[in-house]
Amino acid sequence: MNLIEHFIDGKIVSGTSNRKGKVFNPSIGKQESEVILATKQDLDLAVQKAKKAFETWSNVTPIQRARIIFKYKEIIEKNSDLIAKMIVSEHGKVYEDAKGSLTRGLEVVEFACGIPQMLKGDFTENVGTNIDSWSVRQPLGVCAGITPFNFPAMVPMWMFPMAIACGNTFVLKPSEKDPSCPLKLAELFSEAGLPDGVLNVVNGDKEVVDAILEHKDISAVSFVGSTPIAKYIYENAAKNEKRVQALGGAKNHCVVMPDCDLDQAVNGLMGAAYGSAGERCMAQSVAVAVGNVGDKLVDELSKKVEALKIGPGMDKNSEMGPLVTKEHLERVRGYVDLGIKEGADLVVDGRDIKLQGYEDGYYIGGCLFDNVKKDMRIYKEEIFGPVLSVVRAKDFDEALNLINDHEFGNGTSIYTRDGDAGRTFANQIKVGMVGINIPIPVPVAFHSFGGWKRSLFGDQHMHGPEGVRFYTKLKTITSRWPSGVRSDPEFIMPTMK
Ligand code: NAD
């Protein structure tokens, strides 16, 4: 059995815990590794090493930091096949999708190479006579990241390259379901020349998460995961005086207008609803069919959902792999059962597929519901599986209100040829990331990623300019050089003359 440990101060270490978690290969439904679940003491060791490393790393010039990050980019590219295979073997998504998600993470590394430009401050000469004022952004100290299972490379890479480029040191606590890839990412950063202690990985579960939230030497916490845990992280990190950004779950709607290019909408929806078996926070899990487009949309979708090629992630023909664990498979199946009970029409039922040679894998076929109503739990809750619900709306306004009334606000999109509908949608929708004829509007690395409402607790989105703001604090300096003219004490509020 393969053993997955921690990475602290540039070394693989096993720590003090005797608790272990099971890591499965979901394509075959077998446990292949054990991961050590860290104690509070293990976390404290990582934080102390990161705190020590901060003393020197924060004084390394931005251009020197950028050079190490540039080298890291090259090393990731060289190892991309190995990393993608690690993702497939523990998460289950298909190989090309795993590679694509790594590329999206790598783009943040590329953005971080430009950190000297992002850290340039503002300067005003003569804010008062012979007085200059300037603002700089300085690193926070030790930052922590807590990440979900569904993007073991991309989501950690939204965080640590930005934090480190800004001069912070970092402790990452990845998902215990697929920890091999994030551990490898940290080892490769060392190979690129990152000093020991700047990036540490501590594996574990709630015990180590709580230790992060309580640790007095951690200045900021970035979290991505489900909404109940995001809220817990937000409240407890803030209570312990930390800066926090906590991204939560989603229920993303795709509005299909009667005037749209239907082929484009159907193909967009297929990838967005069933890609990565629906285990994406930007998956489209609701299609809102407006006006008379519903019957045609359901007809076209059902043919494609039935034809989906399901299989192990390393099979080139697979379009959709298994779900991450047996428990998650049971949960998603349970939601399909529930949808039937609630009165929705199950047009395509993927619950009972069996793959020859992979009978123990955690597979489910694509499922498609029609006539889903807004009071049903399958509409209100995040399923996080390959289940698409079609809701009928009589017009654009009803579709808009449906989305604005939903508790989540991560991503959404509209398919239309009408510029006015597209513009009004973008302007009035209460969602953080919006696509117009784009199925998964994930912002690129030099913009920032984040949702609204209960999809994000905190003020700053991830990576891009908001990432730089999150991982730095502002300092403004006002200065006058002695000019030989002596001034008397002033007891009134100074105003600039
Ligand atoms: P999760 O909330 O179960 O776990 C996320 C992290 O929190 C893991 O590291 C886990 O170890 C830790 N954790 C779990 N339970 C905890 C507890 N009780 N106390 C403290 N820590 C705990 O999420 P997941 O199942 O790994 O990931 C799927 C979820 O993540 C979905 O809801 C998905 O929408 C969301 N997600 C959101 C985004 C986004 O950008 N908004 C991106 C990816 C995933």
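The protein chain splits into domain 1 (2-248 + 455-478) and domain 2 (252-436), with bounds taken from an automatic or database domain assignment. Their C-alpha centres sit 31 Å apart. A word on bookkeeping: residues are numbered from 1 along each chain as its sequence is written, and side-chain values use heavy atoms, with hydrogens and water left out. As the model is predicted, local features need pLDDT of at least 70 and side-chain atom pairs count only at pLDDT 80 or more, while totals for chains, interfaces and linings use all residues.

Next comes the largest pocket, which holds about 1,000 Å³ of space. Its lining has 44 residues, and the closest to the centre are Phe149, Lys177, Gly225, Ser226 and Ile229. On a 1 Å grid over the protein atoms alone, a pocket is an open set of points with protein on both sides within 12 Å along at least five of seven lines, whereas a cavity is a set where a 1.4 Å probe fits but cannot get out; lining residues have an atom within 4 Å of a point. Points are joined across faces, edges and corners, and a volume is the space filled by probe spheres set on them.

Both domains take part in the largest pocket, as its lining draws at least three residues from each of domain 1 and domain 2. Helix α9 (227-239) is among the elements that supply at least two residues of this lining, as are β4 (20-25) and α12 (326-342). The top contributor is α9, with 4 residues. Here helices (H or I, at least four residues) and strands (E, at least two) are DSSP runs, numbered from the N terminus. By class, the pocket lining has 18 nonpolar, 11 polar and 15 charged residues; Ala, Val, Leu, Ile, Met, Phe, Trp, Tyr, Cys and Pro count as nonpolar, Asp, Glu, Lys and Arg as charged, and the others, Gly among them, as polar.

Strand β11 (218-224) also supplies at least two residues of the pocket lining. This strand is largely enclosed by the rest of the structure, because 6 of its 7 residues are buried, that is, under 20% relative accessible area, with exposed over 50% and partly exposed in between (1.4 Å probe, protein chains only). It pairs in the parallel sense with β8 (residues 142-146) over 5 bridges, and with β12 (residues 243-247), again parallel, over 5 bridges; two strands pair if DSSP finds at least two bridges between them. Ala220 in β11 stands opposite Cys143 and also opposite Arg243 in β12.

Then there are the cavities: the structure holds 4 of 30 Å³ or more. Of the 15 residues lining it, Gly278, Ala283, Ser285, Glu382 and Phe384 are the closest to its centre. That lining divides into 7 nonpolar, 5 polar and 3 charged residues. The second largest cavity comes in at about 40 Å³, and residues including Trp158, Pro443 and His463 line it. Helix α4 (residues 95-112) gives the most to this lining, with 3 residues.
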